[in-house]
Amino acid sequence: MNDKMKPLSEVVEELQKRGYTENFIFVDNTLRTEDEDGGYKPGEITIEREYRFEGMSDPEDSSILYAVTTRDDKQGVIVNSYGPDANLELNEFLKNCNQTKNGDDD
């Protein structure tokens with residue numbers, strides 16, 4: 001996938017076509033979908049890809065999109081800001097997740 005200069009919404013749409021259909025949220029130091037009671041801890045998640053976006057009109061409007069896979073093969077995305085608006089707890093959580101290298105195979 002050529003994600004250079006594409007808006008976040010287009011990258012999410014392309015990832016959904018590739019099977020990343022879950023929209024994860026960060027609650028109580030776990031990642032979960034809105035319809036789940038339980039959640040996933042860092043050791044149960046692999047970050048497959050990261051995409052950085054910067055707002056054209058406001059440099060503080062910046063975010064990172066993470067494409068993730070869970071231990072039970074659910075694939076989805078979660079978004080966090082970076083810079084002063086970042087969720088620091090989510091940042092720390094994601095640092096402790098397994099990671100694969102971002103490849104240039106898309």
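Is Glu14 buried, partly exposed or exposed, judged by its relative accessible area? I noted first that I was reading a predicted model, and then I found Glu14 to be partly exposed, at a relative accessible area of 21%. The cut-off matters for this entry, because a residue counts as buried only under 20%.

**Entry on the partner of Glu14.** I looked for what the side chain of Glu14 meets, and I found a salt bridge with Lys6, at 2.4 Å from N to O. Lys6 also counts as partly exposed, with a relative accessibility of 23%.

**Entry on the other salt bridges.** I found the side chains of Glu44 and Arg71 joined in a salt bridge at 3.5 Å, N to O. Glu44 sits in the loop between strand 2 (30-33) and strand 3, while Arg71 sits in the loop between strand 4 and strand 5 (75-81), so this pair ties together parts that are 27 residues apart in sequence. As for cover, Glu44 is partly exposed at 24% relative accessibility, whereas Arg71 is exposed, with a relative accessible area of 53%.

I then turned to Glu92 and Lys95, whose side chains meet in a salt bridge at 3.9 Å, N to O. Both residues belong to helix 2 and are three residues apart, about one turn of the helix. Glu92 counts as partly exposed at 43% relative accessibility, and Lys95 is exposed, with a relative accessible area of 60%.

**Entry on the layout.** I recorded two helices and six strands for the protein chain, and from the N terminus on the elements run α-β-β-β-β-β-α-β. Of its 106 residues, 37% count as buried. The chain exposes about 6,600 Å², of which carbon and sulfur atoms supply 43%. I also looked at how far apart in sequence the contacting residues are: among contacts between residues at least 6 apart, 53% join residues at least 24 apart.

**Entry on the nonpolar cores.** Which members of the largest nonpolar core touch the most other members? I found that, of its 14 residues, these are Leu31, Ile45, Tyr66, Ile78, Leu90, Phe93 and Leu94. Strand 1 (22-27), strand 3 (45-54), strand 4 and helix 2 (88-95) are the elements that give two or more residues to this core. A second, separate core has nine residues, and Val11, Tyr51, Ala67 and Val77 are included in it.

I took Leu90 for a closer look at its surroundings, and, with neighbours within four places in sequence left aside, I found Leu90 in contact with Phe26, Leu31, Ile78, Val79 and Asn80.

**Entry on Ser62.** With which residues is Ser62 in contact, once its neighbours within four places in sequence are left aside? I found Phe53, Glu54, Gly55, Ser81 and Tyr82. Ser62 belongs to strand 4, which covers residues 62-70, and Ser62 is buried, with a relative accessible area of 6%.

Definitions and conventions
Residues are numbered from 1 along each chain as its sequence is written. This is a predicted model: local features need pLDDT of at least 70, side-chain atom pairs count only at pLDDT 80 or more; totals for chains, interfaces and linings use all residues. Side-chain values use heavy atoms; hydrogens and water are left out. Helices (H or I, at least four residues) and strands (E, at least two) are DSSP runs, numbered from the N terminus. Buried means under 20% relative accessible area, exposed over 50%, partly exposed in between (1.4 Å probe, protein chains only). Contact means heavy atoms within 4.5 Å. Accessible areas come from the Shrake-Rupley method with a 1.4 Å probe; for residues, only the protein chains shown count as cover. A nonpolar core is a set of buried Ala, Val, Leu, Ile, Met, Phe, Trp, Tyr and Cys residues joined through side-chain atoms within 4.5 Å. A salt bridge is a side-chain nitrogen of Lys or Arg within 4 Å of a carboxyl oxygen of Asp or Glu.
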